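Student: Hi! Could you walk me through this one with me?

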Amino acid sequence: MAPAPPLPTMRHSSAFLNPSSPAPPDDACATLALVVLNQRLPRFAPLLWSRAAVRVCADGGANRVFDGMPELLPGQDPGEVRARYKPDVIKGDMDSIRPEVKEYYSNLGTKIVDESHDQDTTDLHKCVAFITQNPPVPDKSNQLCILVLGALGGRFDHEMGNINVLHLFPNIKIVLLSDDCLIFLLPRTHRHEIHIERSIEGPHCGLIPIGTPSTSTTTTGLRWNLYNASMSYGGLISTSNVLEEDKVTVTSDSDLIWTASLRD
């Protein structure tokens, strides 16, 4: 029997979080889209806003931008900050956005998309679907990376719903972000190269088999590498691992969640 063909390589980089890095390497994230959920904005929200080609607030995420951007930029006039950080789209079931915030952004030209009729999908699911159906740079839709602020912290069921969206859109690069860590999916259809930004990432990381167990996972670049290891809930999962090299590789027979801590 002929050996299986090698898996294609998918590259990942968090260079979008590095203020001194103008662009991610290669095709890791050529086009950025930003989604803001209804949690406190992380400290790097203004940086990612400036780098995104489109900015979408999920319902109450608009409140967070309205209130939070002036707090993150205390030396600037709050009114000017709010006008400058205007979402392109506000989308969701509109049960969390404050009426005055909705009116403010509507008057500035923000597109308001009310999907209160759809109670079967989360606000993040709605926003990701909208972006994939309306890519900011159509000829680079295969290089799109969706960054999600406010996806972690708060209610645990909301966090799990947001992680589920990663599995619902396995062919789209989606990164969930908080002040403390980042999370993204490693689809089993690819071999993965994760390029580490030492100034902003680490030292800790993890590989989590959410969804289905893995019977064979192999890594390089970690302090405690895996060699054809099995991972499952009720058994081994790779938590509190440590980044040792500038490039981490992962190959697995199951979709895995990658997480890395972020430095202050």
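Predicted model: local features only at pLDDT ≥ 70, side-chain atom pairs only at ≥ 80, totals over all residues.

Student: Where is Ser96?

Tutor: Ser96 lies in the loop between strand E4 (89-92) and helix H4 (99-107). Helices (H or I, at least four residues) and strands (E, at least two) are DSSP runs, numbered from the N terminus.

Student: And what does Ser96 contact, leaving aside its neighbours within four places in sequence?

Tutor: Apart from those neighbours, Ser96 is in contact (heavy atoms within 4.5 Å) with Asn38, Asp59, Gly60 and Asn63.

Student: OK, new topic: what is the strand order in the open sheet of 5 strands?

Tutor: The order is E1-E9-E14-E11-E12, with mixed pairing; two strands pair if DSSP finds at least two bridges between them. Strand E1 (9-13) and strand E12 (229-231) stand at the edges with a single partner strand each, so one side of each has no neighbour in the sheet.

Student: In which sense do E11 and E12 pair?

Tutor: Strand E11 (residues 214-220) pairs with E12 in the antiparallel sense, over 2 bridges. Ser214 stands opposite Met231 in E12.

Student: What holds paired strands together in general?

Tutor: Strands of a sheet pair through backbone hydrogen bonds, either parallel or antiparallel.

Key:
Residues numbered from 1 in each chain as written. Heavy atoms only, no water.
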